[in-house]
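Please look over the model below before you read my comments.

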Amino acid sequence: MTRDGTAGRDDDTAGRGEKAGRGDRGDIADRAHLDEVLRRFYTAAFADPLIGPYFDTTDLDVHLPRIGDFWERALFRTAGYRRDAFAPHAALHLAAPLTAEHFGRWVQLWHATVDGLHQGPNAERAKAQGERIALAMLRRLNGRDADTTGEGPGFVPLAALTLRAAAA
């Protein structure tokens, strides 16, 4: 399988579900929708100049079922995910530190992917959960007082997410 997950597809719908192809942006309703979001997200993440290098050794055939289990549990309260989500990020951080800018870019791509495919309560919950995960990972890797401002172009500071969460 290629990094964009299109191997074996002989039509122009690779990476798109039936509904997305028809322009229907209903809510994230099931695992198939999550898989579609994740495939589209990782296509963008692999291509991103800031966070793409962190995914250089990612095998989508291995990663997508695992991360799909994670998001299915986060959104639908299933019991399928039983791994340590922090450990791979800690290993990446040791090799090349992950900063607020990296996590902020991840959040941007996650929001854009979810918004491009779905709308509704589960889509909003997926975005909010992504924000919480990004902040928690940043703080766990860099300390509770980690800088959440970031400085890169087109970057939404994670500090803004903290403020939004406090206002909610």
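The numbered points below go from the whole chain to single residues.

1. Basis. This is a predicted model, in which local features need pLDDT of at least 70, side-chain atom pairs count only at pLDDT 80 or more, and totals for chains, interfaces and linings use all residues. Residues are numbered from 1 along each chain as its sequence is written, and side-chain values use heavy atoms, with hydrogens and water left out.

2. Overall make-up. The protein has seven helices and zero strands. Its order from the N terminus is α-α-α-α-α-α-α. Helices (H or I, at least four residues) and strands (E, at least two) are DSSP runs, numbered from the N terminus.

3. Burial and surface. The protein has 168 residues, and 38% of them count as buried. Buried means under 20% relative accessible area, exposed over 50%, and partly exposed in between (1.4 Å probe, protein chains only). The exposed surface comes to about 9200 Å², with 54% supplied by carbon and sulfur atoms. These areas come from the Shrake-Rupley method with a 1.4 Å probe; for residues, only the protein chains shown count as cover.

4. Take contacts between residues at least 6 apart in sequence: 73% join residues at least 24 apart. Contact means heavy atoms within 4.5 Å.

5. Helix pair α4 and α6. How do α4 and α6 pack? Helix α4 (residues 86-95) meets helix α6 (residues 121-142) at an angle of about 55 degrees, and their axes are 11 Å apart. That makes α4 oblique to α6. Angles under 35 degrees count as roughly parallel, over 145 as roughly antiparallel, 65 to 115 as roughly perpendicular, and the rest as oblique. Axes are lines fitted to C-alpha atoms, for helices over the stretch in contact, and angles run from 0 to 180 degrees between N-to-C directions.

6. Who touches whom. From α4 come Phe 86, His 89, Ala 90 and His 93; from α6 come Met 137, Arg 140, Leu 141 and Asn 142. These contact residues divide into four nonpolar, three polar and one charged. Ala, Val, Leu, Ile, Met, Phe, Trp, Tyr, Cys and Pro count as nonpolar, Asp, Glu, Lys and Arg as charged, and the others, Gly among them, as polar.

7. Arg 77. Check this backbone. Arg 77 is not a glycine, yet has a positive phi of about 60 degrees. Most residues other than glycine have a negative phi. Arg 77 sits in the loop between α3 (60-76) and α4. Arg 77 is exposed, at 62% relative accessible area.

8. Gly 116. Gly 116 belongs to helix α5 (residues 100-117). Gly 116 is partly exposed, with a relative accessible area of 44%. Gly 116 and Val 37 are 79 residues apart in sequence, but 9.0 Å apart in space, C-alpha to C-alpha.
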